[in-house]
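Thanks for coming. I will take a few minutes on one model, then stop for discussion.

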Amino acid sequence: MNSWKTKIKITVNFESNTELLSDNSMGIYFEYDSDETLVVHFKPLNEVFSESTLFSTQGVLINFERDLIDEDDIEYALDVMSLFNKFPQYHIQDAKEVNQISKIIELLKDEYYSDTVSYIMLKTLLKVLLLHLIRFQNDELLPQDIHQKRVFQFLELMEVNFLKETNSDYYANELGISTKRLNQILQEKLNLTAKQIIQQRQVTEAKRKLIKSEITTKELAFELGFESISSFSRFFKKNVGVSPTVFKSQEAS
């Protein structure tokens, strides 16, 4: 199986029981309410689509792993995190904006189902789509759930600091709440603790570095804040299923 197929999935005629790439993947469901209204539903990391999402035969799901945004610059990654965590859904009612989004979705579908599909092209088109959605969302002033806001603030802090700060207490202090309260909010919204989310981010970064660079296991362990190669290797194998060395060789083959 081509590796890109484990990173992005486009489904037409999406149903609520359609299998997603993983629990840790992100999803956007585009529901065509009319020719001039597009309802955009978001599935952030570790969450599910809102119960209010009405899946229709005319809808399109774009499901992708966070690797696709982590491979890019941090400012873009944070903008995407904000897009997914501010609101579970919003309506695009400007006919010109609906047309723009629809055209990009068609380009993505054409590339995805093409016999000569290009991962770089898919990733680029996805970025164009997300940047359009970020622009449209930023133009709207919508009420935001205070707990959802806390989740985004935590994710934003973590994205910038996870290489040097892996203790939950640090993030709770930065947010001005107790560690217990932070974990309660994250458990409610994401069904994960702060520590679990930080570790999840470490795994994603480790996989990215192993694939994209010539970094050694020792260097990577140090960069991610582990005290020894053995502790990092155990952590990686527990979460990925294979050792860092085996993972790197599998991705290279």
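**Helix, strand, pocket**

I start with helix 2, residues 74–86: its 13 residues reach 18 Å from first C-alpha to last, close to the 18 Å expected at 1.5 Å a residue. That expected span is 1.5 Å times one less than the number of residues. Helices (H or I, at least four residues) and strands (E, at least two) are DSSP runs, numbered from the N terminus.

This is a predicted model, where local features need pLDDT of at least 70, side-chain atom pairs count only at pLDDT 80 or more, and totals for chains, interfaces and linings use all residues. Residues are numbered from 1 along each chain as its sequence is written, and side-chain values use heavy atoms, with hydrogens and water left out.

Buried residues of helix 2 include Y76, L78, M81 and F84; buried means under 20% relative accessible area (1.4 Å probe, protein chains only).

Next, strand 3, residues 37–43. Seven of its seven residues are buried, so the strand is largely enclosed by the rest of the structure. On one side sit T37, V39, H41 and K43, and on the other L38, V40 and F42. Strand 3 runs antiparallel to strand 5, residues 89–92, with four bridges joining them; pairing requires at least two DSSP bridges. H41 has Q89 as its bridge partner in strand 5.

Last, the lining of the largest pocket. Which element gives the largest share of it? Helix 8, with five residues. The lining divides into four nonpolar (Ala, Val, Leu, Ile, Met, Phe, Trp, Tyr, Cys and Pro), eight polar and six charged residues; charged means Asp, Glu, Lys and Arg, and polar the others, Gly among them. A pocket here is an open set of points on a 1 Å grid over the protein atoms alone, where a 1.4 Å probe fits, with protein on both sides within 12 Å along at least five of seven lines; lining residues have an atom within 4 Å of a point.

Conventions: Buried < 20%, exposed > 50% of the residue type's maximum accessible area, 1.4 Å probe, protein only.
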